[in-house]
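Colleague: Could you go through this model with me slowly, and tell me each time what makes a label apply?

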Amino acid sequence: MNIVFEILLLLLTIIYSYLESFVKLFIPLKRKSVSGETVLITGAGHGIGRVTATEFAKLHSVLVLWDINKNGVEEVAAECRKIGAKVYSYVVDCSKREDINAAADKVKQEVGDVTILINNAGVVFCADLLSLEDHQIQKIFEVNILAHFWTTRTFLPSMMQNNHGHIVTIASSAGLIGVPYLVDYCSTKFAAIGYHKALTAELAALQMSGIKTTCLCPVFVDTGFVKNASTRLAPILKTEEVVKKLVDGILTNKKIICIPAFLLFSSVLELFLPERALRAINAFQKIKFDAKVQKVHKDK
């Protein structure tokens, strides 16, 4: 095909896409039904995972709940059953590939194909790089990003066979900007966002239009994982508020959900602002939380 024609076609596609997005601002988005869909949520015993489970229970989905905490996941399962949902709960350590694969085999035998996968399990340690222990660095990568590979690889084949499914990545604003004393956590969340974007592109290349992807990037959420968190530009988010936007995004097949929305522009600012300006903006935000910080002795 002539390169000039290809460029013209590309420009027309870009213009059409802008017009389409503008029109959609004034048209209510259609929400898909998830009644009867099998929804697997990792880290379902606490925080975002817990509230997400109850929301999908209200939508009449079949729930598969994973968590390392036996009491926590069973409490959530009981709560969802009271709502009227069919629920299967499993104790799974998402830092161990063997645990994930064994639990996945049980799910396939006892429940069937998973059609909505929500990779939510996560850990955080809040310490400077030198205070982190080796096993902590290894574990945060195992849970926050490697587990996404193992769960997706085991449940994606059936989604591809039916060209139907949804893969949800719970990331963070820490995957968009660097935060002091969260070097390990930011690294895993940057990886999670990259995972989401590349997986989305790969599914498109494979022409799997029926498999949707969504990525969630909120600022601090009141889940209790980060102690005494505060920031000048955004309030600490309520878990219920975040989950409401997450579920709404899943039902409307939204690709990325930033809370607050202005986080979408953070990556753009890094392309245009000088380093000094970026440091000033970071300092202005006054991001604070309890963290273990090693004292540094400077030579005079």
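Colleague: Why is Q136 called buried?

Modeller: Q136 has a relative accessible area of 18%, and buried means under 20%, exposed over 50% and partly exposed in between, computed with a 1.4 Å probe on protein chains only, so Q136 falls in the buried class. This is a predicted model, in which local features need pLDDT of at least 70 and side-chain atom pairs count only at pLDDT 80 or more, whereas totals for chains, interfaces and linings use all residues. Residues are numbered from 1 along each chain as its sequence is written, and side-chain values use heavy atoms, with hydrogens and water left out.

Colleague: Where does Q136 sit, and what does Q136 contact?

Modeller: Q136 belongs to helix α5, where helices (H or I, at least four residues) and strands (E, at least two) are DSSP runs, numbered from the N terminus. Leaving aside neighbours within four places in sequence, Q136 is in contact with F125 and S131, contact meaning heavy atoms within 4.5 Å. The side chain of Q136 also reaches the backbone nitrogen of E133 at 2.9 Å.

Colleague: What makes the approach of T115 to E37 a polar contact?

Modeller: The two side chains come to 2.6 Å, and a polar contact is a pair of N or O atoms within 3.5 Å, where within protein one must be able to donate a hydrogen and the other to accept it, and residues adjacent in sequence count only if both atoms are side-chain atoms. The distance of 2.6 Å therefore lies within the limit. T115 stands in the loop between α4 and β4 and is buried at a relative accessible area of 15%.

Colleague: How do you know which strands are neighbours in the sheet?

Modeller: Two strands pair if DSSP finds at least two bridges between them. Five bridges join β2 to β3, three join β1 to β4, and four join β4 to β5, so each of these pairs meets the rule. Examples of facing residues are L63 with V87 in β3, V39 with I116 in β4, and I118 with V168 in β5. The order of this open sheet of seven strands is β3-β2-β1-β4-β5-β6-β7, with parallel pairing. Because β3 (87-91) and β7 (256-259) each have a single partner strand, they stand at the edges, and one side of each is left without a neighbour in the sheet.

Colleague: Why is the unit of β4, helix α5 and β5 called right-handed?

Modeller: A crossover has that name if, with the strands pointing away from the viewer, the path from the first strand over the helix to the second runs clockwise, and the β-α-β unit of β4, helix α5 (residues 134-162) and β5 is assigned as right-handed. Both faces of β4 are covered, with I116 and I118 buried on one side and L117 and N119 buried on the other.

Colleague: What makes L40 count as buried?

Modeller: Its relative accessibility is 0%, so L40 counts as buried. L40 is found in strand β1, and the residues it touches, not counting those up to four places away in sequence, include V64, W66, L117 and F155.

Colleague: How many salt bridges does the structure hold?

Modeller: There are seven. Among them, R50 and E79 meet at 3.6 Å; R50 lies in helix α2 and E79 in helix α3, so the pair ties together parts that are 29 residues apart in sequence. R50, E75 and E79 are linked in a network of salt bridges. K238 and D222 form another, with their closest N and O atoms 3.9 Å apart.

Notes
Salt bridge = Lys/Arg side-chain N within 4 Å of Asp/Glu carboxyl O.
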